[in-house]
Amino acid sequence: MAALGRRALVAPVVIVAAIAGLTLWSGFADKAPKATPREDVRTVRFNMAWLPQGSMAGVFVAMDKGYFAEAGLNVEPVRGFGGVRTANELDQGMFEFAYVDPLSVALNRSKGGSTRMIGGINMKLPAGACFVKERHTIERPADLAGLRFGAGQSSAIQALMPAWLQGNGVDPAQVEQIQLDPAIVVSSLVEGRIDAAECWMGNSMALFDKAAKAKGVSIGRIAYADFGLDVYGSGLATRDALIDSDPEMVRAFTHAAYRGYAEAARDPEGALAIIRKHYPLLDEAVTERQIRETAALMAAEGGSHRLQPEKIQRTVTTLQASGQLQGFDATEALFTNAFVPTGKQP
């Protein structure tokens, strides 16, 4: 896999990445909610896996409506830098909870880590391959052959790409995978520095469409799940040590977070108002679309949030087919449903 496939791409990527990273986070840093500790409330940190966005609305609703406070928790949301890094930082004890995908959890545990999923949010994989319709026609994985494909360097989905391509009759060597700073994946595609890009419902799809419209072009997409990659997307996670030492806190966090997500799904406009109270620079249309897409992803499989063993096993099997997790046989350690609330959310 090429870190940066073509010399012409290197300088613009490095420069723009630095500027984009500073610009994006500087607009949010001073607005991040701060904990207000009380004697009877425990403060916990939650890694959002990326910048604040609509997919995090459930957490902010739970904060705003006092669901976490009722559970005796004061939650501090903190920006993240992609799934793989988020899982590793969670494992190191830098955060109590995080928004993480099973792919990243599996990779972490295969290296001796102890992160664990405690419930799903994206019950269907939201990832896909996006392209500019005016430049390419991509209807199936085979159409990616000969193209430059860009994705964030901390995206665990890249570990699955070789097996996904092979499973669809494509030699992985025919697709030039390029790792980019996540902040510039959208602009790199729209401006033509890459031919296709990883894109996510509930996350970057709205950003791709907004940037494309400003450029006078349009975005097409194929979903990985439509071509054999039937695995879960991100959900809530913690680490084994916290589950063992304080299962009631894990349960309190999980139940309050899901109350927030249920409310965000019922009232997307209200959730939008709440998250923009904390981050007023968020684009209103983009954020509301992310909230609605996340609600749709959450509703898959009946909206139970429970992770099915066979679907988690497919994550491991696909990683093994990609040359990862050789000899790994601890699928059951990647998740637990013990903290998922049963019955209808209040």
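## Ground rules

Helices (H or I, at least four residues) and strands (E, at least two) are DSSP runs, numbered from the N terminus. With that in hand, here is a friendly tour of the model.

The model is predicted, so local features need pLDDT of at least 70 and side-chain atom pairs count only at pLDDT 80 or more, while totals for chains, interfaces and linings use all residues. Residues are numbered from 1 along each chain as its sequence is written, and side-chain values use heavy atoms, leaving out hydrogens and water.

Helix 2 spans residues 57-64 and is mostly covered, with six of its eight residues buried. Buried here means under 20% relative accessible area, exposed means over 50%, and partly exposed lies in between (1.4 Å probe, protein chains only). The buried residues in helix 2 are Ala57, Gly58, Val59, Phe60, Val61 and Ala62.

What covers them? Among the elements over the buried residues of helix 2 are strand 1, helix 3 (67-70) and strand 2 (73-78), and the cover also includes helix 10 (247-266), helix 11 (268-278) and helix 12 (284-299). Contact means heavy atoms within 4.5 Å. After helix 2 comes Gly66, which has a positive phi, near 80°.

Two strands pair if DSSP finds at least two bridges between them. Strand 1 (residues 42-47) runs parallel to strand 3 and is joined to it by two bridges, with Phe46 opposite Phe97. Strand 10 (residues 235-239) pairs with strand 3 in the antiparallel sense over three bridges, and here Val100 stands opposite Gly235.

Ala127 stands opposite Trp200 in strand 8.

## Salt bridges

A salt bridge is a side-chain nitrogen of Lys or Arg within 4 Å of a carboxyl oxygen of Asp or Glu. The whole structure holds 20 of them. One of these joins Glu89 to Arg85 at 2.8 Å, N to O; both residues lie in helix 4 (residues 83-91), four residues apart, about one turn of the helix. Glu89 is buried, with a relative accessible area of 10%, whereas Arg85 is partly exposed at 38%.

Arg292 and Glu288 meet at 2.9 Å, N to O, and being four residues apart, they are separated by about one helical turn. Arg292 is partly exposed at 42% relative accessibility, while Glu288 is buried at 19%. Arg289 and Glu293 meet at 2.8 Å, N to O, again four residues apart in helix 12; Arg289 is partly exposed at 28% and Glu293 is buried at 11%. Finally, Asp230, Glu301, Lys311 and Arg314 are linked in a network of salt bridges.
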